[in-house]
Amino acid sequence: MAALLEVNNLSVSFFTPNGEVRVLRNVSFSLRPGEILAVVGESGCGKTVLCKSILKLLPPDAKMMAGSIFINGRDITHCREREMRKLRGTAVSMVLQNPMAAMHPSIKIGAQIAEAVKAHHPEMKKPQLQERVAELMRMTGIDHPRERMKQYPHQFSGGMLQRAVLAAALACNPDILLADEPTTALDARIQAQILELLTDIQKKLGMAVVFVTHDLKAAAQIADRVAVMHQGEIRTTGAAAELFEKPLQIRTESKTKPEAELLLDIRHLSCVFPLTKKRRIKAVDDLSFQIYRGEIFGLVGESGCGKSTTARCIMNLHWPDAGSIFIKELIRATKRRIAATDVCCKKKGILFSGCRFQPGSAHENMRHYYGTDENMAYGTEKRVEACRGGISDACGRTG
Ligand SMILES: Nc1ncnc2c1ncn2[C@@H]1O[C@H](COP(=O)(O)OP(=O)(O)OP(=O)(O)O)[C@@H](O)[C@H]1O
Ligand SMILES: [Mg+2]
């Protein structure tokens, strides 16, 4: 199937008083009709700049240094502003990251949505326009649209405002919707509602969506494919199901010096937990990765994919069913469980997810965690002792 949107080797720089800053490096991806592509990445990795580049709405201090963009097979890389105005809203539309900033504070919501409709339908008369605005508001889940369209942005809640911004973006039935973090500022319940709304509308209108987020869970929930961005580059692209099935490794420094010391080497790690007498769950399945000195390593994946189990194995709090864990000079094998414990605790530190600190000292907190751990049976006290120095230091260092 021909791509609706194609971005090839896109590089964008900002020219600041301190010189050129390259924020997008050789970004390439394609979007097929009817597809939802999630672009995930940390704050500042270039997601918004990427969307603005596609719409050719980059600020004056930014420049597209290389690459090409095709929409519906048409090369828009060097399109003039007059041409782009025709494409914005119809071929490609964008939901901006901050709905409050996207709306003019002193213009009524209805008038702002109407503006988006009028941009491509200047012939529409007022009653027809109002009917279309009400229809768009209804479609995006805003109740009592006739009354609501007379309100100002400050009279809308964050979630409602996000719906209004979405209504404006959908005003002219775009082929492609660039949704830049449409749920980031919302609470979990409203977030879920907006995601559901987005997928419903996408199906109804047959749009293709680039869904920008740093929320992996949201990406896994709605996307067909996922592109992982890091520091201005797309590092991995793949089917959402594939990427989230296994923990995803993003090496922050592919430029890690080859001579850097190997600190942790995980080879073919597997952990299986019994679910019932007959059924077993593979928590970690044939996982391999290496971490070198000075490196920050991201182990990312959906809830339940085995991240914490991997961390527990590294800390020797859980014993793997297969594989090896090499920690500097120590190779841990199943028969050497207890012997490895002291070394592990002295050489590593771990921040546990969802571990709530209790009032009391750092030592008590460590005891609290280990006390709830299923591996308490073997050598727990010893482990707590061994960790004490390290935890006190860590608490001091992190304040
Ligand atoms: N107008 C600007 N002038 C200079 N640098 C800019 C400008 N706008 C963005 N940048 C830089 O471009 C890089 C990418 O920014 P961008 O807004 O695309 O990140 P993002 O991935 O959308 O982050 P977030 O998740 O926080 O929205 C950042 O380093 C940012 O500082
Ligand atoms: Mg952004």
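Colleague: Which strands do the five bridges join?
Modeller: Strand β3 (residues 36-41) and strand β9 (residues 225-230) are joined by five bridges, and the two run parallel. Strands here are DSSP runs of E with at least two residues, helices are runs of H or I with at least four residues, and both are numbered from the N terminus. Val40 has Val228 in β9 as its bridge partner.

Colleague: What should I know about the model itself?
Modeller: This is a predicted model: local features need pLDDT of at least 70, side-chain atom pairs count only at pLDDT 80 or more, and totals for chains, interfaces and linings use all residues. Residues are numbered from 1 along each chain as its sequence is written, while chains are lettered from A and ligands numbered from 1 in the order in which they are written.

Colleague: How many helices and strands are in the chain?
Modeller: The chain has 14 helices and 16 strands.

Colleague: Back to β3. What is the strand order in the open sheet of six strands?
Modeller: The order is β6-β7-β8-β3-β9-β10, and the pairing is mixed. Two strands pair if DSSP finds at least two bridges between them. β6 (92-95) and β10 (233-239) each have a single partner strand, so one side of each lacks a neighbour in the sheet.

Colleague: Which strands of that sheet does α1 touch?
Modeller: α1 packs on β3, β6, β7 (176-180), β8 (208-213) and β9. Its direction makes about 150° with that of β7. Axes are lines fitted to C-alpha atoms, for helices over the stretch in contact, and angles run from 0 to 180 degrees between N-to-C directions. α7 packs there too, touching β6 and β7, at about 170° to β6.

Colleague: And the sheet of four strands, what is its order?
Modeller: That open sheet runs β2-β1-β4-β5, with antiparallel pairing. Its edge strands are β2 and β5 (74-75). α1 packs on this sheet as well, touching β1, β2 and β4. The direction of α1 makes about 70° with that of β2.

Colleague: How many bridges join β1 to β4?
Modeller: Eight bridges join β1 to β4 (residues 62-71). Leu5 stands opposite Ile71 in β4.

Colleague: Is α1 mostly covered or mostly open?
Modeller: Mostly covered, with seven of its nine residues buried. Buried means 20 or more other C-beta atoms within 10 Å of the residue's own; exposed means 12 or fewer, partly exposed lies in between, and C-beta atoms are placed from the backbone. Lys47, Leu50 and Ile54 are among the buried ones. Just after α1, Lys56 takes a positive phi of about 55°.

Colleague: New topic. How many residues surround ligand 1?
Modeller: 16 residues surround ligand 1, and the closest are Val23, Ser43, Lys47, Thr48 and Val49. The cut-off is a C-beta atom, placed from the backbone, within 6 Å of the molecule. α1 gives the largest share of that shell, three residues.

Methods
Contact = placed C-beta atoms within 7 Å.
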